There are 2 protein chains.
Amino acid sequence: MEKIADNRCFGGQQQRYRHRSEVLDCDMTFAIFLPPQAEQGPVPVLYWLSGLTCTDENFVQKAGAQRVAAELGLAIVAPDTSPRGEGVPDDPEGAYDFGLGAGFYVNATESPWSSHYRMEDYIRHELPTQVAEAFPVDSTRCGIFGHSMGGHGALTLALKNPATFQSVSAFAPIVAPTQCPWGEKALSRYLGENREHWRAYDSCELIKTVDDLPAAILVDQGQDDQFLEAQLKPELLVEACRQRGAKLDLRMQPGYDHSYFFIATFMDEHLRFHAKQLAR
Amino acid sequence: MEKIADNRCFGGQQQRYRHRSEVLDCDMTFAIFLPPQAEQGPVPVLYWLSGLTCTDENFVQKAGAQRVAAELGLAIVAPDTSPRGEGVPDDPEGAYDFGLGAGFYVNATESPWSSHYRMEDYIRHELPTQVAEAFPVDSTRCGIFGHSMGGHGALTLALKNPATFQSVSAFAPIVAPTQCPWGEKALSRYLGENREHWRAYDSCELIKTVDDLPAAILVDQGQDDQFLEAQLKPELLVEACRQRGAKLDLRMQPGYDHSYFFIATFMDEHLRFHAKQLAR
């Protein structure tokens, strides 16, 4: 693991690393914010999953999360959104919503994607293992959150791995990729045309079937989000949670769009939500 | 004036505009944050001047200023750092520290720069005039601040135009461009080799000679800033303020570098400083 950036920020350290991922069969970069409290001992850690086209850098530069993370004593890890580098296949037409920058946090089963595009295993196991070895984080207090495609990733990973991720929230998540164009495009290529195989990556399907539900789910959604009706469909999450009796706090935010200006506005409250969930 | 972006952020609006600058003889973009209070009537306005290589976007995306600006009811205007567009001459070798992205907030007198590079007049007159006409800002309560080259711009503009800019602060400013490589390169080309002409753009020289001093000057400077000794030299500002009896609060911040992670950390306190100076 090679440190490639290190900046003091709000009394903590905002760092960036390059490391080898065996799961993805490529080198990856990720960012980590270590709050001042990490100098005294292990701190709870949150994983932030970004949306389409992002790298590890967007969240670090634009979300304004470090101030409250430093106050609450939370580490935040921001991974990249897909495998990277020469030899990693991309969408033949370079589309923004498939391939590089668009890993959708799944383990691909279809050729040529299956050899690198295993973001689910990277996020749920390989990266947390390496982070726990290298940094003063308490992996028994670990949360996950994200935006759009990353909101989908956070919800599905938390639902499928409740022992690993004990708190979960999302900004404008894709809640039902089996029922929207972004999801149908990505899942059909990564997983093949059999829609039965897609259900393991659909939050609304998982909520109906998993054994252990999160104690609470916080979701913020901009009402002026340009992707609200065609891609995000929060009403499907509301209905799934209602059927199962899952505790969802969906906050529709008037005037807000899909941008990091929306994310930054409500970041403070998401961090406090996770800190409370992970407190003990 | 054409609106090219508009995002809700912390209850206000983060907007971006393209407009014609007669002074610079080109089209320019600038950003403005309008806090929620601007819906009720005119609000105080701050001008943020960015450093080398920046556009109007860096501050907006990275400084995390909107939260406290929304709380305090401050508008913030972020201009570009030089004239732009085809026909605007650039450094022949494309250097990062001269020409495009490096206007140094001066009125150039030397050919070929003098026809476009008139950032002093743009910031002190043309842009504030257009902003006052188009937005609900109270121009009688106006402050200025900036980073590095923009800290130099903020200090010199405030010292020379105390009626226009009634509060001033800076992050890691170039306080004496007549005595550092960045400044000597830029001023010799924009203003010619006669160093007497440079003094009107040197904060340390101006502090000794202007009639009206700012009521207070707030400066934050990272102690691990890679440009501290060669380019920034805050000790020269300390000495100039001591000689003149000017009120300077220079805060040396251990561990911080020259980046926006440093700026974001102390942004909150700068905004509160300006709000207090502009209160009445």
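## A buried aromatic pair

Let's start inside chain A: A:Tyr17 and A:Phe30 are both buried. Keep in mind that this is a predicted model.

By the ring-pair rule, the count over all chains is 36 aromatic pairs. A:Tyr17 and A:Phe30 make a stacked pair, because their ring centres are 5.7 Å apart and their planes meet at 20°, with planes under 30 degrees apart counting as stacked. This pair links distant parts of the chain: A:Tyr17 belongs to strand β2 (residues 12–21) of chain A and A:Phe30 to strand β3 (residues 26–34) of chain A, 13 residues apart.

## Edge-to-face in chain B

Over in chain B, B:Phe30 pairs edge-to-face with B:Phe135, at 6.3 Å centre to centre and with 85° between the planes. B:Phe30 sits in strand β3 (residues 26–34) of chain B, while B:Phe135 is in the loop between α3 (119–134) and β6 (137–147) of chain B, 105 residues apart. Both of these phenylalanines, B:Phe30 and B:Phe135, are buried.

## A cluster, and charges over rings

Back in chain A, one aromatic cluster is formed by A:Trp48, A:Phe59, A:Phe145, A:Phe171, A:Tyr256, A:Phe262 and A:Phe266.

Chain B also has charges placed over rings. B:Lys160 lies over the face of B:Tyr201, 4.0 Å from the ring centre. The ring of B:Phe98 has the charged end of B:Arg189 over it, 5.0 Å from its centre.

## How the two chains relate

Definitions and conventions
Residues are numbered from 1 along each chain as its sequence is written. Chains are lettered from A and ligands numbered from 1 in the order in which they are written. This is a predicted model: local features need pLDDT of at least 70, side-chain atom pairs count only at pLDDT 80 or more; totals for chains, interfaces and linings use all residues. Side-chain values use heavy atoms; hydrogens and water are left out. Rings of Phe, Tyr and Trp (its six-membered ring) pair if their centres lie within 6.5 Å; planes under 30 degrees apart count as stacked, over 60 as edge-to-face and the rest as tilted. Helices (H or I, at least four residues) and strands (E, at least two) are DSSP runs, numbered from the N terminus. Buried means under 20% relative accessible area, exposed over 50%, partly exposed in between (1.4 Å probe, protein chains only). A charge sits over a ring if NZ of Lys or CZ of Arg is within 6 Å of the ring centre and within 35 degrees of the ring normal.
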